[in-house]
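Please read the points below with the model open beside you.

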Amino acid sequence: MVDTEHVLEQMRAANPAPSLEQLAVDDLDLVRNFVARERSTAATPVEEQPQMRPDPLGRRWGVRPVLVAGLAFVLVLGTLGAGLLLFRGFDETAAAGFTCPPGSTPDQPGPANQPGPPDNGPMAYEDGFESSFATFDAGSGQVLMLMGDALWTFDVCTNIWATAPGPPWTTAPRPGNIGYMMDFVYDVDSDRAIVFAGYDDVVRVGSYEPATQTWTVKSEFVVPDSPFLWLKAAYDPVTGLVVLYEPFMSAMWIYDVDTDTWTEVDQGSPRPGSRAIEVFSPGDERNGFQLNEVFLTYDASVDRLVAYMGSTWEFDIRAGRWEEHATDTNLLQGFGWWPTAEEFVYDEANQVSVFFGDQVTTYDASERRWTPQGGIYSRDTRGVPPMIYDPVNERIVMTVGATNELHYRRWPRSGVIAYDVATGEWITLLDPTTE
Amino acid sequence: MGMSVVDEAVAEERFRRIYAAYERQVYAYCLRRIDRDQAIDCTADTFLVAWRRISDVPADDTALRWLYRTANHVIGDRYRSRARSRALVDALKANPTTDYSAEPETVVVRREADTAVLDALDRLRPADQEVLRLAVWEELPHREIGELLGCSAHAVDQRVHRAAKRLGRQLRTRAGVASGVTPRFDAPGGE
């Protein structure tokens, strides 16, 4: 346990400028001279330089006055311009978000053996398989986890599961229902969680409004002649719209839930190839291929979609252009091992995208670098459940189970853990239900 | 549109008052984030922005917050990078501003402790560093920090608490104590 008061006291003692009275008068003289000079330089054409005392540090403005005055003019304008830009950026990024109510204990495990999502589920390749997808409702500080026809919520301030109304259809792949679930994404702009599902050439869409706990079935989206569809979704906070990538056809659309409209995106060239691989499957045209996984997220630090598809790709949504970066796949153990449902999410606080297959690995888009993290947690125990980024507590949250005794026949979801990328620390938010 | 002579005189007087009132605070703010030479530049640049935007500077005591925010932008724009942040730590190691008037051994121990804290602070993410500096070094009330950062005082409580925990972990890691990276769950027979 970290004693935060003691830490703060240590920091207080290490203050590099502990007392205003101790500040060097010479330093302030330099500031005064500089300000006085630059003000006059910026306000009027340079006529003559004020007499300066010899600069003991040989600072730049004491060396070549005319040149420096010109530079200073540019500097002042540049500073002003940068200041204006930064003011804009500061205001945009400082929007107040949801915070846990006073007295909350988000780091303490939630009540043991509370009702939660069922641990046991059918095998992935049985008809009743219910995959689960999660997203985060930043408006109320809740994880939304969709499992088949059930919606579970997990409060990250109290670490308690609750149920909410499920969608008005089931997501198991039986005729007449919505089909396979593909992705679940939160649209911050419209305060709705959107699920994309379907099969063959039909995409079915449902939107969930947490404030009213109501579902709305949206129009079906049909892509004629497509033998198969599999959509990965990412929310673009700049446009407030959802971007969907389809790896079989390498197609991309933007979806506006408010108007229920789809717009195809021109991705330019080069772009990622199909992730489908032909496999021999006699008597079943639809299953004549295998689709390798795609991991997709929006990375705000570079304003790009970041995707892993055998190599790392970044898509500039504004310019409509892909860029591919070679990737050491040894760093990414577990990628593509469907159906482990490894997830890939953007961690706003640390400005990296986080992948979790066999271990946590982060992608820093600003440096185009993957880095394995210290925390390792076996997928055998984690099973297939999803993970999300929790902006309230600034960490990754994922569900887990208690045992891998029934590996491949058990899809544990009741336990919840968090991973803090900044510290490499795992935190138990809820112990898995024991049987 | 230029200012009239009267306007200029008023602006000049306002600027002089602001400068006289907050010069040291702004310099200290910069000095707590970047090295001495950079802090002098940062202070000057901050007041130059204030001069050029004098009509934007609040007339009440929130002027200091405006100046802190401007200084933060100046630092972010021109100085803040890992390398330069490291330079501050190195500079402080070599020549700490703190005047420790104790015994020489105490000074040495004190400096080592401070260096450890500054090293650990340097490894935190910028948002954590900033909220801790504002709370601990600038000693701003959490309500005012919230106004600076665009969040509630309660949110600042949480951020400071979390950032302090992370700083503590960094200090423990540096001290060679178990840093808490061990997973809580180990799969039986797992990888």
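1. In this predicted model, B:Pro58 lies in the loop that links helix H2 (36–52) and helix H3 (63–78) of chain B; helices (H or I, at least four residues) and strands (E, at least two) are DSSP runs, numbered from the N terminus. B:Pro58 is partly exposed, with a relative accessible area of 22%, where buried means under 20% relative accessible area, exposed means over 50% and partly exposed is in between (1.4 Å probe, protein chains only). Not counting residues up to four places away in sequence, B:Pro58 touches B:Arg14, B:Ala63 and B:Trp66, a contact being heavy atoms within 4.5 Å. From C-alpha to C-alpha, B:Pro58 is 9.9 Å from B:Ile18, although 40 residues separate the two in sequence.

2. Residues are numbered from 1 along each chain as its sequence is written, while chains are lettered from A and ligands numbered from 1 in the order in which they are written. Because the model is predicted, local features need pLDDT of at least 70 and side-chain atom pairs count only at pLDDT 80 or more, whereas totals for chains, interfaces and linings use all residues, and side-chain values use heavy atoms, with hydrogens and water left out.

3. Which kinds of secondary structure does chain B contain? Chain B has eight helices and zero strands, and along its sequence the pattern reads α-α-α-α-α-α-α-α. Of its 191 residues, 54% are buried, and among the contacts in chain B with a separation of 6 or more, 64% are between residues 24 or more positions apart.

4. Helix H6 (residues 126–137) of chain B has 12 residues and spans 15 Å from its first C-alpha to its last, close to the 16 Å expected at 1.5 Å a residue; the expected span is 1.5 Å times one less than the number of residues. H6(B) is mostly covered, with 10 of its 12 residues buried, and these include B:Asp128, B:Glu130 and B:Arg133 as well as B:Val131 and B:Leu132. After H6(B) comes B:Glu139, which has a positive phi, near 55 degrees.

5. In soluble globular proteins, nonpolar side chains tend to be buried together. A nonpolar core is here a set of buried Ala, Val, Leu, Ile, Met, Phe, Trp, Tyr and Cys residues joined through side-chain atoms within 4.5 Å. The largest such core has 66 residues, of which B:Phe47, B:Leu132 and B:Leu167 touch the most other members, and helix H1 (residues 5–31) of chain B gives the most to this core, with 11 residues. Leaving aside neighbours within four places in sequence, B:Leu132 is in contact with residues that include A:Leu8 and A:Met11 in chain A, and B:Leu121, B:Val160 and B:Leu167 in chain B.

6. Among the elements of chain B, H6(B) has the highest mean pLDDT (88) and helix H4 (residues 82–94) the lowest (50). Over residues 81–85 of chain B the pLDDT is below 50, and this stretch has eight contacts in the model beyond near neighbours in sequence. For the complex, the predictor gives an ipTM of 0.72 and a pTM of 0.60.

7. Chain A contains four helices and 27 strands, and 54% of its 435 residues are buried. One open sheet has four strands in the order E1-E2-E3-E4 (chain A), with antiparallel pairing; two strands pair if DSSP finds at least two bridges between them. Strand E1 (132–137) and strand E4 (160–164) of chain A are at the edges with a single partner strand each, so one side of each is left without a neighbour in the sheet. Strands E1(A) and E2(A) (residues 142–147) pair over six bridges, and A:Phe136 has A:Val143 in E2(A) as its bridge partner.

8. Another open sheet of four antiparallel strands in chain A has the order E24-E25-E26-E27. Strand E26 (residues 415–420) is joined to E27(A) by five bridges, with A:Ile417 opposite A:Thr428.

Technical notes:
pLDDT = per-residue confidence, 0-100.
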